[in-house]
Amino acid sequence: MSELISVSQAEALIAEHMPTFGSERVRLDDAAGRVLRQAVHAEHDHPPFDRVMMDGIATHWSDALPRRLRVAGAQMAGMRMQSLPGEGSCLEVTTGAMLPAGSDCVIPVEQLRRDGDDVVLADDCHPFAGQFIHRRGSDCVQGTLLLSPGMRLGPAEMALLAANGVASVEVAAMPSIAIVSTGDELVDVGAPLGEGQIRRSNDTAVRTALRMDGFDRVAMEHIVDDETATRERIAHLLERHDVLLLSGGVSMGQRDYVPAALAAQGVRKVFHRIAQKPGKPMWFGIGPRGQAVFALPGNPVSALVCATRYARPALRQAQGMARPAPEYVCLDQDVDTNPTLASFVPARVESDAMGRLVAYPVPSRTSGDFSSLPRTHGFVQLPPGPGRATAGAAAVFYRW
């Protein structure tokens, strides 16, 4: 498939061919940010007992509840259940304690006055049965499905795992990823620049993007513009990694050796070239052991756009994450579109007074101009078409 394909076709083909990487069991302490690969059910009722919601006293309510009550003891958080002795009495209670047996009303300390061994209700205190009591099972009952496979484990999810005794958890395994920069003109970040040279930056940008998604098994490589070296190094990397993300050498120039080197190592091309700007030369294929290979253009904006639009979502999908709903923004101004290519336009986004998310385009002068990207939050995708996308029009937004 060498002709230009659409953005949606590229996305569908990647989803169709993308491998999965299995799962592994890790300690709860090591699960933060990982993708869940098991269902988690409530270990017990939540809360597991009738729970006091305020510091104060617990008593048995009735229409004839006296305004003065005798304090007969205390029910503190973490104590075994105490019992209310009888009518006209109460127990001091703290937030989170079990509701004492025989009581059905909690009166907060702010509505009480202590008088020796008694408490006196304030004049404006009008208690009722059931107040400030968190009933057993009112949040969920034992066996309720709490977490489903494909969820990323953030603070709330981690709290649920801990509260339900999940000391080890099955999560998506982390693939081993190699990010490969190609080109004689590239030197390391700390190296002096010779004539005609630039420092490598695409690999740093893409690695950072992957780390923001939780992918931390990432190595960086550099291959010079040599056909034999390209083939040998790609063969070496395919043996050691689940995913390759190459930058540069993928177009149609006389020194663009990557497509031929991949084919020589048994990597099957799924597509090459997408009807989009920037990033038209992008290549995707599958290796002989199911390795996913993304060959991105070498220009910095193109590489980051393609990694964000295709590689990152594909890797999240491979871990079992559900595809998120598109994020829509309103354009702040008219934006030129291309008659035949989808346009990816960098933009910053802000909420306006009406609660809309507004995109303010910050177009790059060329696909090699990444100096303006730090002033953006991502890019809008505009479909092909003559003329312009008008101010106020909705567009899908992709965050870096």
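1. Thr337 is buried, with a relative accessible area of 16%; buried means under 20% relative accessible area, exposed over 50% and partly exposed in between, with a 1.4 Å probe and protein chains only. The model is predicted, so local features need pLDDT of at least 70 and side-chain atom pairs count only at pLDDT 80 or more, while totals for chains, interfaces and linings use all residues. Residues are numbered from 1 along each chain as its sequence is written, and side-chain values use heavy atoms, with hydrogens and water left out.

2. Thr337 sits in the loop between β23 (335-336) and β24 (342-351). Helices (H or I, at least four residues) and strands (E, at least two) are DSSP runs, numbered from the N terminus. Not counting residues up to four places away in sequence, Thr337 touches Ser343, Leu382, Pro383, Gly385, Pro386, Gly387, Arg388 and Ala389; a contact means heavy atoms within 4.5 Å.

3. An open sheet is built from six strands in the order β16-β13-β17-β21-β20-β18, with mixed pairing. Two strands pair if DSSP finds at least two bridges between them. The edges are β16 (218-223) and β18 (268-272), each with a single partner strand, so one side of each has no neighbour in the sheet. On average, neighbouring strands here are turned by 20 degrees against each other, direction ignored.

4. Within this sheet, β20 (residues 283-286) and β21 (residues 292-296) pair in the antiparallel sense over four bridges. Which residue in β21 is the bridge partner of Phe284? The partner is Phe294.

5. Helix α4 (residues 227-240) lies across β13 (177-182), β16, β17 (243-247) and β21, and runs at about 165 degrees to β16. Axes are lines fitted to C-alpha atoms, for helices over the stretch in contact, and angles run from 0 to 180 degrees between N-to-C directions.

6. In total, the protein has six helices and 28 strands. Its radius of gyration, taken over C-alpha atoms, is 31 Å, well over the 21 Å that the globule rule gives for 400 residues, so the protein is more spread out than a compact globule. That rule is 2.2 Å times the number of residues to the power 0.38. Along the principal axes, the C-alpha atoms fill a box of roughly 95 × 50 × 40 Å.
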